[in-house]
Amino acid sequence: MEHFTIGIISYLMGSIPFGFVLTKIFLKKDIRDIGSGNIGATNALRTGNKIIGYTTLILDISKAIIPVIYVKINFPELIFIASLCAFLGHVFPVWLKFKGGKGVATYVGILFSIDILLGGIFTISWMIIFILTKYSSLSSIIGALSIPAYLLLAGQSNNVVFFIIMFVLIFFTHRENIKRLKNKDESKTKIY
């Protein structure tokens with residue numbers, strides 16, 4: 001029963017579509033009609049309102065941190081269930097007919113909650129690729145790959161399967177971006 005309850009609560013927390021809500025309230029627009037149509041922070045930046053973009057980023061990170069930290073303290077054996085469910089909530093939110101974001105900010109919240117070092121590795125990997133290419137999508141894919149790669153290189157293979165699954169999910173959510181990257185028509189992102 002604990003597994004189910006924690007899974008559902010984590011999913012519901014993760015499924016709060018902050019990019020959609022903030023854009024509706026403050027811009028009176030549907031974020032799904034802007035840019036890529038995605039509800040996440042990168043597309044929220046494309047509204048032209050940086051405050052909404054960065055607030056979406058912070059809230060999308062926080063909605064993973066809250067359930068994962070709670071579970072880490074009280075039910076540590078269920079941390080990966082909480083993490084996966086929070087991520088799936090963001091990607092497949094019940095409130096928006098299961099069409100959500102790509103899960104990167106939520107994954108960042110998960111990583112920092114599980115281990116600050118992993119969050120740092122992802123962030124540094126993301127920033128290096130972004131500085132070199134200006135592609136948020138490519139940065140996110142490489143950042144997600146950097147976690148299982150680090151764990152394998154460091155000989156910490158205990159939980160590597162979970163992080164490989166997370167990489168596969170992020171790769172999946174970026175499948176359209178990957179096509180555009182291959183065709184050289186992916187949009188570059190301005191984060192400032």
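I took contact to mean heavy atoms within 4.5 Å. The model is a predicted one, in which local features need pLDDT of at least 70, side-chain atom pairs count only at pLDDT 80 or more, and totals for chains, interfaces and linings use all residues. Residues are numbered from 1 along each chain as its sequence is written, and side-chain values use heavy atoms, with hydrogens and water left out.

**Entry 1: Ser-10**

I looked up the neighbours of Ser-10, not counting residues up to four places away in sequence, and found that Ser-10 touches Pro-67, Ala-82, Cys-85 and Ala-86. Ser-10 belongs to helix α1, residues 2-14; helices (H or I, at least four residues) are DSSP runs, numbered from the N terminus. For accessibility I used relative accessible area with a 1.4 Å probe and protein chains only: buried is under 20%, exposed over 50%, and partly exposed in between. Ser-10 counts as buried because its relative accessibility is 1%.

**Entry 2: α2 against α4**

Two packed helices are described by the angle between their axes and the distance between the axes. I noted an angle of about 145° for helix α2 (residues 18-27) and helix α4 (residues 50-74), with the axes 9 Å apart. The axes are lines fitted to C-alpha atoms, for helices over the stretch in contact, and the angles run from 0 to 180 degrees between N-to-C directions. The crossing of α2 past α4 is right-handed, that is, the near helix is turned clockwise from the far one by less than a right angle. From α2, Phe-18, Gly-19, Leu-22, Thr-23, Phe-26 and Leu-27 meet Ile-52, Thr-55, Thr-56, Leu-59, Asp-60 and Lys-63 of α4. I sorted the contact of α2 with α4 by class and got six nonpolar, four polar and two charged residues. Ala, Val, Leu, Ile, Met, Phe, Trp, Tyr, Cys and Pro count as nonpolar, Asp, Glu, Lys and Arg as charged, and the others, Gly among them, as polar.

Also in helix α4 is Ile-66, which counts as exposed because its relative accessibility is 52%. I checked Ile-66 against Gly-48: they are 18 residues apart in sequence and 29 Å apart in space, C-alpha to C-alpha.

**Entry 3: positive phi**

Most residues other than glycine have a negative phi. I found Lys-97 with phi near 55°, a positive value. Lys-97 lies in the loop between α5 (79-91) and α6 (104-114) and is exposed, at 73% relative accessible area. Lys-134, not a glycine, has a positive phi of about 70°. I placed Lys-134 in the loop between α7 (116-133) and α8 (136-153), and at 29% relative accessibility Lys-134 is partly exposed.

**Entry 4: α7**

I compared the length of α7 with expectation: at 1.5 Å a residue its 18 residues should span 26 Å, and the end C-alpha atoms are 26 Å apart, which agrees. The expected span is 1.5 Å times one less than the number of residues. The buried residues of α7 include Leu-118, Ile-121, Phe-122, Trp-126 and Phe-130. Seen down the axis, the buried residues fall within an arc of 160°, so they line one face of α7; the arc is that of the directions from the helix axis to the C-beta atoms. On the face turned away from the buried side I listed the exposed residues Ile-116, Ile-124, Ile-131 and Leu-132. The cover over the buried residues of α7 includes α6, α8 and α9 (160-173).

**Entry 5: α9 and α10**

I noted that the axes of α9 and helix α10 (residues 175-182) come within 4 Å and cross at roughly 65°. Phe-171, Phe-172 and Thr-173 of α9 make the contact with Arg-175, Asn-177 and Ile-178 of α10.

Technical notes:
Helices (H or I, at least four residues) and strands (E, at least two) are DSSP runs, numbered from the N terminus.
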